[in-house]
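Please read it alongside the sequence and the coordinates.

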Amino acid sequence: MTYSGDVSPGGAPAVRELAGLTVTKVSVGPMDNNAYLLRCTGTGEQLLIDAANEAPRLLELVGDAGLATVVTTHQHMDHWVALEEVVAKTGARPLVHADDAAGLPIETDTLADGDTVTVGECELEVIHLRGHTPGSIALLYRDPAGIPHLFTGDSLFPGGVGNTDKDPERFGQLVDDVEHRLFDRLPDETWFYPGHGGDSTLGAERPSLPQWRARGW
């Protein structure tokens, strides 16, 4: 079955098989949060992006292979409800950007812009996108056998950037970071996976950047 990125609360995961990495997307919790389990096909090591909710369901997804790392994309509670239980039961290393670490319920190792997070033989680049929260991040996987893959948390969605509470300064910072750190660096075929809802590509969204700036959200 072709991967579409469409998932629903309580529904089946969507699985995408890349050359070196398997991406499993699932919707959890009352806010329809996306959680992403990444598995290196060479080593079997696994990494979870956003232990958002429904810890038993996420742990079932992890299975017997174990979990090495949990990366939280930002400090908003709907993205970490299951974090404490998942870490306690798997021994996974929790990671978040330093500017959002105080907002998490457990002590967490910290990240900075440009850091690399590994899952087995695969590398993810940390991209700091300021505005939705002070420490919001995206994770970039440059597939050596295909297109780039970008996990954007709540900083970029199909149709616009993340919520900045109608604060012009925060919005300006976020849209600048999204434009210069994502759209200016990455090709149109880059596929991105947001913190809620469906996926898109940078190419599909690029023509709308001036409209997003003009409307202010």
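The points below describe a predicted model and are grouped by topic.

**Six-stranded sheet**
- Six strands form an open sheet with mixed pairing, in the order β8-β9-β10-β11-β14-β15.
- The edges are taken by β8 (116–119) and β15 (200–201); each has a single partner strand, so one side of each lacks a neighbour in the sheet.
- Two bridges join β14 (residues 191–194) to β15, and the pairing is antiparallel.
- Within this pair, W191 lies opposite T201 of β15.

- β6 spans residues 93–97, and four of its five residues are buried, which leaves the strand mostly covered.
- β5 (residues 69–71) runs parallel to β6, and three bridges join the two strands.
- In this pairing, V70 stands opposite P94 of β6.
- Between β5 and β6 the chain passes through helix α2 (residues 83–90), making a right-handed β-α-β crossover.
- β6 also pairs with β7 (residues 109–111), again in the parallel sense and over three bridges.
- V96 has T110 in β7 as its bridge partner.
- As a general point, side chains in a regular strand alternate between the two faces of the sheet.

**Segment before β1**
- D6 belongs to the segment that precedes β1 (14–17).
- The relative accessible area of D6 is 59%; the cut-off for exposed is over 50%, so D6 counts as exposed.
- D6 and A52 are 46 residues apart along the chain, and their C-alpha atoms are separated by 17 Å.

Technical notes:
Residues numbered from 1 in each chain as written. Predicted model: local features only at pLDDT ≥ 70, side-chain atom pairs only at ≥ 80, totals over all residues. Heavy atoms only, no water. Pairing = 2+ DSSP bridges. Buried < 20%, exposed > 50% of the residue type's maximum accessible area, 1.4 Å probe, protein only. Right-handed = clockwise from strand over helix to strand, strands pointing away.
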